[in-house]
Amino acid sequence: MSLHNKTVICLLDDEFEDLELWYPVYRVREAGATVLYAGPEKGKKHIGKYGVPAVADLSFDEVNSTDIAGLLVPGGWAPDKLRRYPKVLELVQELDAAGKPIGQICHAGWVLISAKILQGRKVTSTPGIRDDMENAGAEWFDEAVVVDGNIISARRPPDLPPYAKAFVDALEQQAQA
């Protein structure tokens, strides 16, 4: 329970990749942190690509970057929606500036691209957005997990175990600092 009293936000919108949302959330909770879902509207139910629902605990506007330890961005088609919210991009930029862990998997890289925080960073993602990541200035690797400072990235669901571990490790390192 190394992350007791820490809060992590998981961004939420329709058509998230179910495993890419739930697996890291459970791993972070097992480490002792509270994970809250933030979506466009507090209390709104969002349905994953395979039908599993999740309900927003908070609206994007209610999230304060100084109150949270890190951020999870699931993949699927939700990232294409998430990157259209100015508050989401502001939150990503603030967390990056503060060096707080930002976990992104699969298509979630679109959110970091739109937040303009990838210049000179090392990342991975689904190969389908490799060009997007590189055009945003990132150096892309075909590896299960890439950690560059506070950005923890992974390609797809088979990479979830090492991705979730790397994200929890980053939160623990931050907690000890």
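A: Two residues are said to be in contact, or to touch, when they have heavy atoms within 4.5 Å. The model is a predicted one, in which local features need pLDDT of at least 70 and side-chain atom pairs count only at pLDDT 80 or more, while totals for chains, interfaces and linings use all residues. Residues are numbered from 1 along each chain as its sequence is written, and side-chain values use heavy atoms, with hydrogens and water left out.

Q: Which residues does D159 touch, leaving out those up to four places away in sequence?
A: By the contact criterion, D159 touches A144, V145 and A154. D159 belongs to the loop between strand 11 and helix 6, where helices (H or I, at least four residues) and strands (E, at least two) are DSSP runs numbered from the N terminus.

Q: Why is D159 called buried?
A: Buried means under 20% relative accessible area, exposed over 50%, and partly exposed in between, for a 1.4 Å probe and protein chains only. D159 has 5% relative accessibility and therefore counts as buried.

Q: What makes R121 count as buried?
A: The relative accessibility of R121 is 14%, so R121 falls in the buried class. R121 sits in the loop between helix 4 (109-114) and strand 8. Beyond four places in sequence, R121 touches D96, G137, A138, E139, D148, N150 and I151.

Q: How do you know that S125 is buried?
A: S125 has 0% relative accessibility and so counts as buried. S125 lies in the loop that runs between strand 8 (122-123) and helix 5 (130-135). Its contacts beyond four places in sequence are C106, R130, M133, W140, A154 and R155.

Q: What makes the pair formed by the side chains of S125 and W140 a polar contact?
A: A polar contact is a pair of N or O atoms within 3.5 Å; within protein, one must be able to donate a hydrogen and the other to accept it, and residues adjacent in sequence count only if both atoms are side-chain atoms. The side chains of S125 and W140 make such a contact at 2.9 Å.

Q: What kind of aromatic pair do W22 and Y37 form?
A: Rings of Phe, Tyr and Trp (its six-membered ring) pair if their centres lie within 6.5 Å; planes under 30 degrees apart count as stacked, over 60 as edge-to-face and the rest as tilted. The structure holds 3 aromatic pairs. That of W22 and Y37 is edge-to-face, with 5.8 Å centre to centre and 70° between the planes. W22 belongs to helix 1 and Y37 to strand 2 (residues 34-39), so the pair ties together parts 15 residues apart in sequence. Both W22 and Y37 are buried, and W22, Y26 and Y37 form one aromatic cluster.

Q: How do you know that the charged end of R27 sits over the ring of Y23?
A: The criterion requires NZ of Lys or CZ of Arg within 6 Å of the ring centre and within 35 degrees of the ring normal. The charged end of R27 sits over the ring of Y23, 4.7 Å from its centre.

Q: Which residues touch the most other members of the largest nonpolar core?
A: A nonpolar core is a set of buried Ala, Val, Leu, Ile, Met, Phe, Trp, Tyr and Cys residues joined through side-chain atoms within 4.5 Å. Among the 60 residues of the largest such core, L11, V28, L71 and L118 touch the most other members. Helix 6 (residues 160-176) supplies the largest share, 7 residues. V28 is in contact with V8, A33, V35, L72, F167, V168 and L171, apart from neighbours within four places in sequence.

Q: What span does helix 6 reach, and what span is expected?
A: The expected span is 1.5 Å times one less than the number of residues. Helix 6, with 17 residues, reaches 24 Å from its first C-alpha to its last, close to the expected 24 Å. Its buried residues include Y163, F167 and L171.
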